[in-house]
Amino acid sequence: MSVYRTAAQLSQAIAALAGAAPTLCETFTLAQPSVEGAAISGLHIHAGDARGNRNGVLLLGGVHARELMNPEAIVDLAADLLISYAHDTDITYAVPGSGAPGATWGASGIRVMLESLDIWMVPCSNPDGHDYVLTADDMWRKNRRPEKGSCSDGTQPVGVDLNRNCAIVWGVIPPGGEVSCDPCDYQVYAGPAAFSEPESANIEQFLSDHPIDTFADVHSYEQMILYPWGHAPEQTTDPAENFTTLQTGTCNPLPDSSYSEYIDPVDLLKFQSIGNQIASDVAQVRGSAYTVGPSIGLYPTTGTNPEYAYSRHIADQGAHKTYGWTIETGPFTGDVADSFHPSDPSQIILDIKAAMMSLLMQSVCAIELIGTEPFGAAAETAEDQLVGIRAWRDALWQRNGGQAWLDLYRQLHPTLLERIAVDEAFRSRVAELVQTAIALAEDPDSTLSDDHIRSGLAVIDDLAATSPEHLRIQLRTARAVFQTMSGFSAQAALAVVAERSPT
Amino acid sequence: MSTAAGLSGTAAGARLEATIRPRISPDPGALRGLDVLPPLDGALHVLMSPGQVVDVVTAGYEVRVFAAHPIGPLDPSLVMDDDAAQAWIDERVAQIRGGRGA
């Protein structure tokens, strides 16, 4: 079964997709060619009218050369999305007989998603290494940079691990960590300097040039959804204890073994909540059990792409905030070669595509979409409108009851996207509610009127009519809470919601 | 040591897949340079050369070798040829054509 394409064939595939759907997408080329001179290309999907406030998503594959399934999955996903958009077809990833129901995303929700996001896909970010796996060494992981000197066996050292070469605690070796400063290290050499390699410098450049909200680097083989950090355990109490204070390039462990890295508590909750939804969606395909946790749970690392992406807004407060993910696809099959490049990866590729679909769908916020719609391409005006309700959202994240409401919203979100895509009356009601929320957020003296309550209850009832039973139960609670709020100020309503879980 | 010496004599041109557990006063420095894979059954899971087996065992670890992987290219039967790659393209392009955005 011939299943793995060369780097050139992968580029040809995305060029052909772009040629077939020229108003939905186009190819692009990263700033620098690979060490051996190969152009590194990607596909930019952005359907619908120009909007100035699209959320950006970057999906990266093939950083580690031997992990061959992931470039295939990204190209496959691109084709699935374009076919769905072209013909208004649902996307279902399912394995009959697995006992799992299959994961389905409706055509209307996909259309809204594609018309709301800038999706950038780079399936094969390490083309030299990729082709070296196909032609010389099927366990190769790094790029193909020749280094100076010779190793103990007389050979010339070659290659840098592109997922250790980024400027986040670069060149520090955490205890038990998989990082090396030795050019002769077969797999995890971090390179002579941060971003010394064109393939990883491309990621830095891309993130500087494009406002990317969600970044996922797809690896193999462990069934995990990973979020920062990789170099130390996280803590949420001391913002001053953060990576900007650490010395880099030491080729030693961190001097303080008790060091913990700060992560914003709201961000941590978002990572956990979104990660859990990804794992849940993947499980629908064929029952695969993905776990969710910080990157250090796999093994300690420094210099990785997703951690770098997330670190940028902390190191430079003017930088766009990017949520960085590693999707580790698997499982281990009992044989390492078969785990990195199985002879039949088709079912694993369904899992991978479901994980990426889940992340893409969660990168759209229906409320933001509708709240900014009246402003079209006027991105800054639209963003200003959202400041107040984003503050409410962040306040809810910090309360247990509030988190439960946000989890309910996340579970309802696919249905919400579907309905606003196909039902104009429903869309108008949601838009009216969002505009009311924006007005309430701007004026602390305003209160919820009976009309506001009636509009809100109508939306809740609409959603309940098309939701599964376990969500209907929560929506009944939502209804009961909401109908008591006439005359409440926004702050009073928020306080009630934060104290009362819908579950 | 005898185990390592035996492997050294038979596994040239191959990487050994193994799990490693601490035994007596292990020296973690000996683990540098191994190709570390996701953990297996709670043990360090690696690909290593026969020479590295000797070093790691000597440094106080127990090494359980359970597979040998010849160093070489991907099985050519798994590599897509140009006809198959073009067929994939033709099928998808045909599915996109005639629809919205095409």
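**Helix packing, chain contact and an open sheet**

In this predicted model, helix 12 (residues 400-422) and helix 16 (residues 490-499) of chain A pack at an angle of about 90°, their axes 5 Å apart. Axes are lines fitted to C-alpha atoms, for helices over the stretch in contact, and angles run from 0 to 180 degrees between N-to-C directions. Helix 12 of chain A is therefore roughly perpendicular to helix 16 of chain A; angles of 65 to 115 degrees carry that label, under 35 is roughly parallel, over 145 roughly antiparallel, and the rest oblique. Helices (H or I, at least four residues) and strands (E, at least two) are DSSP runs, numbered from the N terminus. Helix 12 of chain A contributes A:Gly401, A:Gly402 and A:Trp405 to the contact, and helix 16 of chain A contributes A:Val497, A:Ala498 and A:Glu499. Residues are in contact if their C-beta atoms, placed from the backbone, lie within 7 Å. By class, this contact has three nonpolar, two polar and one charged residues. Ala, Val, Leu, Ile, Met, Phe, Trp, Tyr, Cys and Pro count as nonpolar, Asp, Glu, Lys and Arg as charged, and the others, Gly among them, as polar.

Residues are numbered from 1 along each chain as its sequence is written, and chains are lettered from A and ligands numbered from 1 in the order in which they are written. Local features need pLDDT of at least 70, side-chain atom pairs count only at pLDDT 80 or more, and totals for chains, interfaces and linings use all residues.

Helix 7 (residues 305-315) of chain A is mostly covered, with eight of its eleven residues buried. Buried means 20 or more other C-beta atoms within 10 Å of the residue's own, exposed 12 or fewer, and partly exposed in between, with C-beta atoms placed from the backbone. Among the buried residues are A:Tyr308 and A:Arg312. The buried residues pack against strand 3 (55-61), helix 5 (198-209), strand 7 (214-220) and strand 12 (323-329) of chain A.

Between the chains, 43 residues of chain A are in contact with 34 residues of chain B. Helix 1 (7-20), helix 2 (69-87), helix 4 (127-135) and helix 8 (336-340) of chain A each supply at least two residues to the chain A side.

In chain B, four strands form an open antiparallel sheet in the order 2-3-1-4. Strands pair if DSSP finds at least two bridges between them. Strand 2 (35-40) and strand 4 (61-70) of chain B are the edges. B:Asp35 stands opposite B:Leu47 in strand 3 of chain B.

Notes
Contact = placed C-beta atoms within 7 Å.
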